[in-house]
Amino acid sequence: MKAIKNLGLVIFLIGLTTFTVVPVLGTFSLDQSTFDQIIKDKNIKSDVFIQSINQNVVGKDFNGMLSLSPTITSALDAANNQHKKNKEYKKVIYTSGHDMAALIGKKSGAGLIAQNKGLMWFLTFGLGIIGALMFILPNVILLGKKGIKNDGVYHESATNRGWIAWMVFIFLVSFYLVLYFRPEFAVNWTFLVDPISESLSGNPAGHWFVYGFMYCVVMTVMAVRMYIKYRHNVYQMVRTTSVLFFQIVFAFLIPEIMVRLQMPYYDFKNAFPLDYDFFFQWNLKELLNSGGIGLFILVWGVVLTLVIVPVMVYFFGKRWYCSWVCGCGGLAETLGDPYRQHSSKSLFSWKVERWLIHGVLLFAVVMTGMTLYSFFTESGTILGIKTQSVQNTYSLLIGAIFAGVIGTGFYPIFGNRVWCRFGCPLAAYLGFVQRFKSRFRITTNGGQCISCGNCSTYCEQGIDVRAYAQKGENIVRSSCVGCGICSAVCPRGVLKLENGPEEGRINPTEVLLGNDVDLMELVNKK
Amino acid sequence: MEHIVIIGNGISGVTAARHIRKLSDKKITIVSAETDYFFSRTALMYVYMGHMKFEHTQPYENWFWKKNRIELVKGFVTTVDHDKKTLVLAEGKELAYDKLIIATGSKPNKFGWPGQDLKGVQGLYSKQDLDLIEANAPNKEVCNRAVIIGGGLIGIELAEMLRSRKIPVTFLVRENSFWNGVLPNGESQMINEHIKEHHIDLKLETNLVEIIADENGRAKAITTDKGETIECNVVGLTAGVTPNIDFLKDSGIELGRGVKVNRLLETNIKDIYAIGDCAEQHEGIGNRRPIEAVWYTGRMMGETLAQTICGKPREYNPGHWFNSAKFLDIEYQTYGWVFSERIKKEQEKHFHWRHATEKICITAAFDKDSKKFLGINTFGIRMRHEIFDRWLTEERDIDHVMQYLKDANFDPEFYAHYEEDIISKYNSVMHTSLSVKKKSWKRIFSKA
C-alpha cells in the first residue's frame, strides 16, 4: 500500500512538472493569412503594429512564449506610444500586450504540444490524476477504522507550514499570476484541453477554460480524498457530492453548452455580488441582446440575490450556498481541506475580518450603484469619478488579487477560506441574514464540552467555536459556512448543525447544564 | 480589596477565577507550577498525535488574563500558613491571601511497584508528562514497545496516542474486561474488540509485578503476574489518579485522600476552600463518589464556589450525572446512572442494544419494578444532554425514553438512525409493543 502511494506521488510529480514546464515550451509560427484574419477579427487599425508584426513575427519560428511574448508586447507598446504622440487615437489598440500575445500565440502554435494534444494532456492532467488517485486511494485501507483521521497533521511539512506547504504556496500564487496577468503563458495549456472545449462549446479553449477544467479535475480528485477521510460522516459525503455537482454541472458544463447554443455564457448559481460584473454595462448589453434567455438570466440573477439567497439562508443558514453550492467554497472544501487548521482564531483576526469583508461588500455595492447610474444615464462619471476606473480597480484588487491570488494561493499558509472569510461580499451579505434572521445554528450539547479545542483548530473560518461550546452557548456567527467539521472532530459529541425554531436559537449561559438548577437559573437569568 | 488566591490553573481554579471576576472586583491571583497559562488537560493527547499544537489547547488568548485582572504567578506552593494567611513558594517568595482556593488536581497513582520511578516510566496527566512522552516515545525506532498499566480512560488514551505513531503497545488490564468496573458487560466487550482492532495487545486479568532496569536506570522490560516478561522502552502508569495534596500534609487542613470539604466546599480552616479533583466530600453526593476527578465536576465546583466567595453562599449541588469519553474511534456519553454488573444494585435492570455490524450500542438502566428510567450509556450515538436531563428530572419511565428517543438524538444530519431497530429489540425483550415517535422540535425546545 505504501509502495502504491509512493509510486503515485512520483507519477503525480511527473505530471505536475510537465504541466509546469509546458508554458515555456513549444513552437510558434505565425503565417500571413492567420495574421490577416486576426487583424480583421480584432479590427486592428494600427499600421505601425501591423508592419512591425509582419516584419518581426510573420513567417518566423519562435521557440517558446518567452521569445514570442516580448516581441509582441514591445511592438504593441511602441505602436501605441507613437499613435498617442501623434494623437491618432483611433489607431490605438486597447487590447493589452499580454492578451495580444496570447491571441497570436493561440493561433500560431505549432510543434510538439499543439500537434499532440491528447498525448500532452495525458502527460500533464492524465499523470496528475492517476498519480493523485494512487496516492489517495490506498487510504481506504491505510487510514484504518472509520473515524477522525487527523493524526500527524501538525507533524507533516505539507500541513504544518513546512517547506512543502511553501512550495505549494509558490506554485499556486504563480499559477494565479499567470492566469490573471500573463495569459500568453497559459496558451500551451489551452492546447491540452482544446478537444474537450471543442466538444462542449464548439470553440477552442481559452485560458479560463483551462482554469475551469482544472478546477473540476482538482475538485473531483480531492473530493475522493474527502470521501475516504470522512467516510464515517454522511453529512460530509453528501455535502461534498453537492459542491462537486454544482461545480461540474452549473459552473462548468452548462455555461459551455449555452455558448454552443448561441446563448450567453452564464453560471446560474453564481450570485451577485460574488458575481460582481453581473451589472456591468457589457454584460447587461449582452443579456439584453440575447432575447428571451438573456432576459431570463437578468431576472434570475436579480431574483437569486434578492429572494432565493436570503430565503434559503433563513431556512438552512448560509451553508446552503457557501459549503454546498459555491465554487469558491467547493475548492476550499476539497483542495483546501488539508489546510483548514491554519485560519487564525485570534480576536484580532476577527476584527480585521469584520472590517475587510464588510468593506468589500460596501465597495461592491457602491461600484454597482455607479455602474447602474452610468448605464441608465449614459454618463461615464459620477462626481468626477470614472465608473470604468472604479470597476477596473475592483476587478484587479478584489476579483483577481484577493479572490484568486490570495484567496487560493495562500491556502497552505493562511487556511482555505481566506477569501470567503475576509473578502467575499456575498458571504458578508449572507452573513447578515444568518446572524439576524435564520433558523440555523450550531447547537452546543449542554455541559458536555471539555474545552479540548479540536473544533476551533479545524474551523476554516477562524471561529473560536470552543469559546461558545465551553459556555454551553449555541454558535450563531455570521461567518459560519456550516461545513460541519467542528461537529465531526468533536470527541465528545458536543456540536450539531441544525435548523430549528428561531426562539431559543441564541442561548447565553454562564453556568452550564448539569450544575444545580438554582444556580443555573440565578446566574443565567440576569 | 479582598485578595483571592487560587492554587492550580486547571479547569476548576480557572472557572472559579472567571466567575469571581464576573461577580466582583476582588483581587485574584492564580498560582501554578505547571504552565504559564490555562490549558485543557483533556486535549494533551491530541498534541502528541499531531491533531493540534499545544497553543491550541489554551482556551483563552494570552491577553485575556491581564484584561480580566487575573494575576498569574508561576511557582510551586510548598507551605500554607493559615495563621498568617500566607503561602510560601518554592523559591522562598511569600504570597498573602484573604481567601485561598486549593485546586491542585491529581497525580497519577503509583502502587509501590518495583521500578516505578525508573526513567522511561511515566503517567499521562500534566504538561510535563506530555513533554516526557514526546522525549521517551518520539517514534517506533526509539520506542520499540510500550507497556501501559491500568485499563481506564487515560490508559486507552495513551494507547491511542502511541499507536498514532505506530508504536507497538501492550495494555495490561487488571479486570477481566476493559473498564468493566464502570461499564456493563456488553459495552465493555465491544471496547475489548475495538482495542484489538487497533492492534493493541490487550492483556486482561494481568497485573504488573516489576519493572526491570537496564544499566542506565531506564526501563527495559516488565514482568507480569502471569510470569511473562515483556521488553519495552516505555511504561505508562495509568491506574487512576490521586489528589495532588502532598504539600498540605502539615498545614493543619483536614485531609483524607483529598482535601476534606463540606457542601459549601469549605475546608476545616476558615477562608480556605478546595475544589476539583483534589476536593473530597465528607460523604458522596447521591451516587457520586466523595472524590470526583472529572472535568465537568471540577468546572461545576468552580462555578459554585465563586458564588459563595462573592457573598452568596451556595452548596455544591450537582444535577444529574453525565460524562463522556472517547475510546479510540468510539464516542461514549452517559446520562444518569448505569452501573456495571459488578456493582449495580438488585433493583437496576438493563436494556442493551448493539448494532449488528457497526461498533454502536446503548445500554439503558431502569428500575425493575417501577420501570423508572435511571440512565443511559451510548456508544457511537450522540445524545442531547438537555433531553436526558429533563427526562431524569421528570422521572420518566423507560418506555417513554424508548418511544421518544428520536428527540434525544444528537448525531449530525443525514446520519443513519437506529431508533426503529432499538425499539423492536426493546419490544421483543420487554414484551411491549411501543412505536417510535417522530422527532418534534416543539418537544425538544419546550422548557418543561
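This report covers a predicted model with chains A and B.

## Annotated segments of chain A

The UniProt record, an unreviewed entry, carries the annotation "transmembrane region" for chain A. The annotation covers residues 7–26, 119–142, 163–181, 208–228, 240–259, 293–316, 355–376 and 396–414.

Two of these segments can be set against the model. Residues 293–316 of chain A are 100% helix and 0% strand. The C-alpha atoms at the ends of that stretch are 30 Å apart. Residues 355–376 of chain A are likewise 100% helix and 0% strand. Here the end C-alpha atoms lie 31 Å apart.

## A three-stranded sheet in chain B

Chain B holds an open sheet of 3 strands. The order is β13-β14-β15, and the pairing is antiparallel. β13 (208–213) and β15 (229–231) of chain B are the edge strands. Each has a single partner strand, so one side of each is left without a neighbour in the sheet. From one strand to the next, the twist averages 25°.

Strand β14 (residues 219–224) of chain B is joined to β15(B) by 3 bridges. These two strands run antiparallel. Ile222(B) has Ile230(B), in β15(B), as its bridge partner.

## Nonpolar cores

The largest nonpolar core has 210 residues. The residues with the most contacts inside this core are Cys486(A), Ile101(B), Ile102(B), Ala146(B), Val235(B) and Ile275(B). α7(B) gives the largest share of the core, 7 residues.

What does Val235(B) touch, not counting residues up to four places away in sequence? Its contacts are Gly120(B), Val121(B), Val147(B), Ile149(B), Ile211(B), Ala219(B) and Ile222(B). Of these, Ile222(B) is also the bridge partner of Ile230(B).

A second, separate core has 37 residues. Among them are Leu76(A), Met100(A), Tyr176(A) and Leu192(A).

## Contact between the chains

Chain B gives 44 residues to the contact, and chain A gives 46 residues.

Which element provides the largest share of the side of chain B that touches chain A? That element is α7(B), with 6 residues. By residue class, the side of chain B that touches chain A divides into 16 nonpolar, 15 polar and 13 charged.

Key
Residues are numbered from 1 along each chain as its sequence is written. Chains are lettered from A and ligands numbered from 1 in the order in which they are written. This is a predicted model: local features need pLDDT of at least 70, side-chain atom pairs count only at pLDDT 80 or more; totals for chains, interfaces and linings use all residues. Two strands pair if DSSP finds at least two bridges between them. Helices (H or I, at least four residues) and strands (E, at least two) are DSSP runs, numbered from the N terminus. Axes are lines fitted to C-alpha atoms, for helices over the stretch in contact, and angles run from 0 to 180 degrees between N-to-C directions. UniProt positions are given in the numbering used here, feature names are shortened, and annotations may be inferred rather than shown by experiment. Two residues are in contact if their C-beta atoms, placed from the backbone, lie within 7 Å. Ala, Val, Leu, Ile, Met, Phe, Trp, Tyr, Cys and Pro count as nonpolar, Asp, Glu, Lys and Arg as charged, and the others, Gly among them, as polar. A nonpolar core is a set of buried Ala, Val, Leu, Ile, Met, Phe, Trp, Tyr and Cys residues joined through C-beta atoms within 7 Å. A residue is buried if 20 or more other C-beta atoms lie within 10 Å of its own, exposed if 12 or fewer, and partly exposed in between; C-beta atoms are placed from the backbone.
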